[in-house]
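Trainee: Please take a close look at one part of this structure, the surroundings of the ligand. I would like one connected account of it.

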Amino acid sequence: MTEGLWITFEGGDGSGKSTQAALLAEWIADRGRAVVRTREPGGSEVGVLVRDIVLHHRGDIAPRAEALLYAADRAHHVATVIRPALERGDVVIQDRYLDSSVAYQGAGRVLDAQQVRDLSLWAADGALPDLTVLLDIDPMLARQRLDADDKPFDRLEAEKADFHARVREAFLALAAAEPQRFLVVDATLDPDDLAVLIRARVAGLL
Ligand code: TYD
């Protein structure tokens with residue numbers, strides 16, 4: 001039986017994750033593998049409801065409640081979408097996973113990053129991706145890209161510049177701590193060149 005493969009994309013808002021995830025999914029599907037494209041928050045029916053709360057609730061959400069909401073989305077997503085796909089032998093290509101919780105919920109400074117990670121690992125029953133692609137970009141540059149998009153900002157995008165600088169540092173620290181799982185790429189590169197870099201790493205895993 002073919003083994004499943006699980007690849008997640010991480011990075012700040014406006015780093016181009018979704019574009020690269022879509023390009024990779026297309027490339028893998030062209031190689032004849034079944035691909036499941038998914039995301040967090042919101043990769044399951046329950047998750048769509050949670051996504052609406054965490055991104056669009058007007059007013060504050062207590063930091064621990066926010067961390068639990070992302071973890072709840074993750075628990076249901078892993079149990080009902082990701083694990084079944086991997087058991088079928090599919091390739092799962094996903095926007096954001098628990099590294100986002102550590103980087104974003106930890107960057108608020110209120111919550112301990114290790115506790116956030118432990119909470120997510122418990123929610124996911126220990127599941128970790130085979131590869132995590134980190135699209136690294138200066139948040140000021142990423143912000144210019146988002147401004148050009150003309151979409152209204154969600155709750156997290158609207159956070160201040162120093163918050164996003166901490167998110168970036170947190171992602172880089174996570175990548176440095178697990179170099180075997182992470183591929184860090186410069187998100188300012190041309191999208192086609194980036195796609196080639198990412199494929200080179202994935203080819204060895206397929
Ligand atoms: P995303 O879906 O990438 O936003 P968009 O579709 O608008 O580009 O992510 C939504 C936001 O959720 C993003 O600002 C990061 C945040 N987030 C967390 O704070 N913690 C998490 O665990 C996850 C998965 C996302």
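Mentor: This is a predicted model. The ligand is surrounded by 16 residues, and the closest are D13, R74, R96, S101 and Q105. By type, the residues of this shell divide into eight charged, five nonpolar and three polar.

In S101, a polar side-chain atom lies 2.5 Å from an oxygen atom of the ligand. For R74, the distance from an N or O atom of the side chain to a ligand oxygen is 2.9 Å. The side chain of K17 has an N or O atom 3.5 Å from an oxygen atom of the ligand. On its own the ligand has 550 Å² of accessible area, and the protein covers 90% of that.

Next, the place itself. The ligand takes up the space of the largest pocket. Two or more residues of the shell come from each of these elements: α2 (45-56), α3 (63-88) and α4 (98-107). The largest share is that of α4, which gives four residues.

Two of the closest residues, D13 and R96, also pair with each other: they form a salt bridge, with their closest N and O atoms 3.5 Å apart. This pair links distant parts of the chain, since D13 is in the loop between β1 (5-11) and α1 (17-30), R96 is in the loop between β3 (91-95) and α4, and the two are 83 residues apart. A search of the whole structure finds nine salt bridges.

Definitions and conventions: Residues numbered from 1 in each chain as written. Predicted model: local features only at pLDDT ≥ 70, side-chain atom pairs only at ≥ 80, totals over all residues. Heavy atoms only, no water. Near = heavy atom within 4 Å. Polar contact = N/O pair within 3.5 Å; in protein donor to acceptor, adjacent residues only side chain to side chain. Areas by Shrake-Rupley, 256 points an atom, 1.4 Å probe, with all protein chains shown as cover. 1 Å grid on protein atoms, 1.4 Å probe; cavity = no way out; pocket = protein on both sides within 12 Å on 5 of 7 lines; lining within 4 Å. Sits in = over half its atoms within 2 Å of the grid points. Nonpolar A, V, L, I, M, F, W, Y, C, P; charged D, E, K, R; others polar. Salt bridge = Lys/Arg side-chain N within 4 Å of Asp/Glu carboxyl O.
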